[in-house]
Amino acid sequence: MARPHSFRLTVAALLLLALAAAILASLGRWQLHRADQRRATLAAIEAGRAQPPVTLAAGMPASELRAWRPAQGHGQWLPALSVLLENRNQDGRPGYWLATPLLLEPARRQAVLVLRGWLPRTLDGTPPAVPAAAAGEQDVTGELAVRVPRVFELWSFGQPRAALPARLPASGAMPAVQNLDLADYARATGLALLPTVLMQTRGDDALVRDWPQPSVDYNQNLGYAMQWFSFAGIAAIAWLAVAVRAWRRARRTGS
């Protein structure tokens, strides 16, 4: 004798399939949202790079300091106020970014923080050899960023992270921190910083200036969205098939 169909199993299957369809569809919508974000990022990069190069000067309005805009600063390096940014990889190699302020107007201590480039971490963990900054007036070219790009901070419980010294310059080795906030750096140095960061793109030293770019491949997200919506459609069709079979079985039982 055939085992009678379980009403509870049918209801459970319908609930699970409905839940799966809803979750899969939400994942598809999330991928569409990520695609929109990447489109916006790509548009911002293209709009910034399409603007004419700007010469950085004291008191510039923030509207002129658009991210990704080509820029040039003229001033003197302040190497004593340099900071190393830890855990910055280049082609899979661990290393540092070197950040040094460029003094634009000595009278008002107006400066811009410059990311000068990348240098590798030493094998024995000793402080790296930092290329000397050129003396005298310098022209520094690069692209603007709204802040120093951050990396995820992870440290063990009870082990404090490396902090920026309260005052710079600091005695001893060059400070090394995970992330650098412009407001904190301005307080430590006493500089009047422009609300932007200049990522240097050319120089005569051995620093690497291949700066990371945000991912803007929105077509990848669109492809993922289509996959999730396809899976949601399959779950919906399966739900409909189970529901139709249950309805037909109920009709036969009733007749």
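**A walk through the predicted model**

Proline 169 sits in the loop between strand 6 (137–145) and strand 7; helices (H or I, at least four residues) and strands (E, at least two) are DSSP runs, numbered from the N terminus. A cis peptide bond joins leucine 168 to proline 169, with omega at about 5 degrees. For context, most peptide bonds are trans, and most residues other than glycine have a negative phi.

A few words on the ground rules. This is a predicted model, with local features needing pLDDT of at least 70 and side-chain atom pairs counting only at pLDDT 80 or more, while totals for chains, interfaces and linings use all residues. Residues are numbered from 1 along each chain as its sequence is written, and side-chain values use heavy atoms, with hydrogens and water left out.

The protein chain is assigned domain 1 (4–44 + 217–253) and domain 2 (53–121 + 136–150 + 162–200), the bounds coming from an automatic or database domain assignment. Between the C-alpha centres of domain 1 and domain 2 there are 49 Å.

Alanine 44 belongs to helix 1 (residues 7–50). With a relative accessible area of 34%, alanine 44 is partly exposed; on this scale buried means under 20% relative accessible area, exposed over 50%, and partly exposed in between (1.4 Å probe, protein chains only). Leaving aside residues up to four places away in sequence, alanine 44 touches Ala67 and Trp68, where contact means heavy atoms within 4.5 Å. Tyrosine 185 is 141 residues from alanine 44 in sequence, and their C-alpha atoms are 27 Å apart in space.

Aspartate 217 is placed in the loop between strand 8 (192–200) and helix 3 (218–254). Aspartate 217 counts as partly exposed because its relative accessibility is 39%. From aspartate 217 to alanine 129 is 88 residues in sequence and 37 Å in space, C-alpha to C-alpha. Further along, an unreviewed UniProt entry annotates residues 228–247 as "transmembrane region"; UniProt positions are given in the numbering used here, feature names are shortened, and annotations may be inferred rather than shown by experiment. In the model, residues 228–247 are 100% helix and 0% strand, with 28 Å between the end C-alpha atoms.

Serine 82 is found in the loop between strand 2 (70–77) and strand 3. With a relative accessible area of 3%, serine 82 is buried. The side chain of serine 82 has two partners to look at. One is the backbone oxygen of proline 79, reached at 3.0 Å, and another is the side chain of threonine 100, joined by a polar contact of 2.7 Å. A polar contact here is a pair of N or O atoms within 3.5 Å; within protein, one must be able to donate a hydrogen and the other to accept it, and residues adjacent in sequence count only if both atoms are side-chain atoms. Not counting residues up to four places away in sequence, serine 82 touches Leu98, Ala99, Thr100, Pro101, Met174 and Pro175.

Another side-chain pair links two loops. Glutamine 178 lies in the loop between strand 7 (176–177) and helix 2 (182–189), and asparagine 87 in the loop between strand 3 (83–85) and strand 4. Their side chains make a polar contact at 2.4 Å. Glutamine 178 is buried, at 13% relative accessibility, whereas asparagine 87 is partly exposed, at 41%. Asparagine 87 also has a positive phi of about 55 degrees, although it is not a glycine.

A positive phi, near 55 degrees, turns up in arginine 109 too. Arginine 109 is in the loop between strand 4 and strand 5 and is partly exposed at 35% relative accessibility. Arginine 108 lies in the loop between strand 4 (95–105) and strand 5 (110–120), and at 49% relative accessibility counts as partly exposed. Arginine 108 touches Ala58, Gly59 and Ala192, residues up to four places away in sequence not counted. Although arginine 108 and leucine 191 are 83 residues apart along the chain, their C-alpha atoms are separated by 8.4 Å.
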